[in-house]
Amino acid sequence: MNSAAARRSRRALSFAAALCTFAAASLAQEARVNSGYPTRDVLSPFRDPAEIAAPPDALFAQLRIMRQIADDPAAIRTLDADGRESIDNDDWQKAYAEAERLGLDAGVLAVQMRSNRNPDERALAFYGAFYCANVDYVFNLIGHVPGEPVRRTRELAYPRAIAFLQANIGRRFGDLPKEQQDTIVANMPKVGSPAAKASGITREPRGDDLMHGINLVPFFQLLDLDDSMDQAQGLWFLKECFGVRRDLALLWLEPALPRIRQLLRLGTDSVRREALGLFAAIADKEQKLPVPTLADVDAVEQFAEVAGKSMFPPVRRLAEGRVLLMPGEERDALVKAGEQALTGEAIGAAAHGKNSSGIPWRGFRVDRVPEALLPLCVPEGAVITAVNGVPINDGKSLLAAIDANLWFLDRSEKKEGVRKRRPTAMLVVEMQIGDETKAIDYVVK
């Protein structure tokens, strides 16, 4: 290479290095957001197995035969009705039959996964896990996959776990044969008995009851790691789960949304692709939102926001007497509408009376609920009597009580104080509805 070419090459390398430095500095400006599941346990990535855990030698000998045959690229493999891999090979079938005869004990396999310092024996335990007869035991063992320290073992287990999940996680009680349903009901503790109460059983199973669940915390914790491959694999597994059962996202996803949104902005292409796929899996299908390309950054961000809100509206009813109010345009619009409605008592007036027991009440009667305030779940005719124990007499006192619980005067910076919003607040709004005294808890984040 001549000197001029060498100088051009050095300048190009210097420019590339400068770009990398600039990109790293830009990413560092945004603090890392965690997945929302900080509590670590034996299932969290990554374990440090250090024990000599004697494996079940006879069983592992059969699993080793099965795995060796299955690893042959020429092997003819199929999935049975339960999503378990089957190999069209007589020796594999014989080894499988012998493994079933010896018994695949999920507890023994779990000990091997968590404790055995021999990576090959742990890998055999993961291979055999999918052949346990009890479906719930297999789902329990799947939860061990993210904590396995050897990447190759994890990568072999993930697709098997997804195949098993797709075959089983959507099954409902009504899908079982009548004889099996009757057996399950017969073996259940009687509803109302101490045993049933201890198990949380309040009724007999119904046809639409889902049969199985899965612990997704370890998969979310993969998103806290620095390696982009781990992040992408965690997002891929979660995406596949939510694509099969959207209710799993309702149960697990919300605490991790800020982290996933961050990875969608700052991750590598593979991470962003899986994050976008996850949002596509939870998007409201009735909205028929087109999934944007990764190159359209603004459209990707907007798509993620709309998809997230379709599942987790910022203002929503959590239970009969609890409403969540998250930051955002929706809450701001609600606050503005409430202030306008209560100024001048445009939607009601002061009221007083007694219940059927002769106990007097006094408060602000809501005669009309504007459409913008329907998410607050206050019915027409309700009389708001107190907010966090503070008596309410009219619309003005109601506004003042709400304000006092949402804002405070911070005198740490200035003598006269600075008005600041509380990061989290709970408003317990008591009301008289006919002859009943009720309350709604408003959780303001």
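Author: Let us begin with the lining of the largest cavity, which divides into five nonpolar, one polar and three charged residues (Ala, Val, Leu, Ile, Met, Phe, Trp, Tyr, Cys and Pro count as nonpolar, Asp, Glu, Lys and Arg as charged, the others, Gly among them, as polar). This is a predicted model, in which local features need pLDDT of at least 70 and side-chain atom pairs count only at pLDDT 80 or more, whereas totals for chains, interfaces and linings use all residues. Residues are numbered from 1 along each chain as its sequence is written, and side-chain values use heavy atoms, with hydrogens and water left out.

Reader: How many cavities of 30 Å³ or more does a search of the whole structure find?

Author: Rolling a probe the size of a water molecule over the atoms shows where empty space is left. On a 1 Å grid over the protein atoms alone, a cavity is a set of points where a 1.4 Å probe fits but cannot get out, a pocket is an open set with protein on both sides within 12 Å along at least five of seven lines, and lining residues have an atom within 4 Å of a point. Here the search of the whole structure finds one cavity of 30 Å³ or more, and the largest cavity holds about 90 Å³ of space (the space filled by probe spheres set on points joined across faces, edges and corners). Arg67, Asp71, Ala123, Phe126, Tyr127, Thr153, Leu156, Ala157 and Arg160 line the largest cavity. Two or more of these residues come from each of α5 (119–129) and α7 (151–168), and α7 gives the largest share, four residues. Helices (H or I, at least four residues) and strands (E, at least two) are DSSP runs, numbered from the N terminus.

Reader: Which residues lie nearest the centre of the largest pocket?

Author: The largest pocket, with about 680 Å³ of space, is lined by 30 residues, and Leu334, Gly338, Leu342, Leu376 and Ile402 lie nearest its centre. By class, this lining has 23 nonpolar, one polar and six charged residues, and its largest share, six residues, is supplied by α16. Among the other elements that each supply at least two residues are α17 (395–406) and the strands β11 (425–433) and β12 (436–444).

Reader: What is the volume of the second largest pocket?

Author: The second largest pocket has about 470 Å³ and 19 lining residues, with Leu257, Pro258, Arg261, Phe312 and Met326 nearest its centre. Its lining takes two or more residues from each of α13 (257–266), α15 (297–311) and α16, the largest share, five residues, being from α13. Eight nonpolar, three polar and eight charged residues make up this lining.

Reader: At what angle do helices α2 and α3 pack?

Author: Axes are lines fitted to C-alpha atoms, for helices over the stretch in contact, with angles from 0 to 180 degrees between N-to-C directions. Helix α2 (residues 57–70) and helix α3 (residues 90–102) pack at about 150°, with axes 9 Å apart, and are therefore roughly antiparallel (over 145 degrees; under 35 is roughly parallel, 65 to 115 roughly perpendicular, the rest oblique). Residues in contact (heavy atoms within 4.5 Å) include Leu59 and Ile65 of α2 and Trp92 and Tyr96 of α3. By class, this contact has eleven nonpolar, one polar and two charged residues.

Reader: How do the axes of α2 and α5 cross?

Author: They come within 10 Å and cross at roughly 80°, which makes α2 roughly perpendicular to α5. Among the residues making this contact are Arg64 and Arg67 of α2, and Asp120 and Glu121 of α5. By class, the contact of α2 with α5 has eight nonpolar, one polar and four charged residues.
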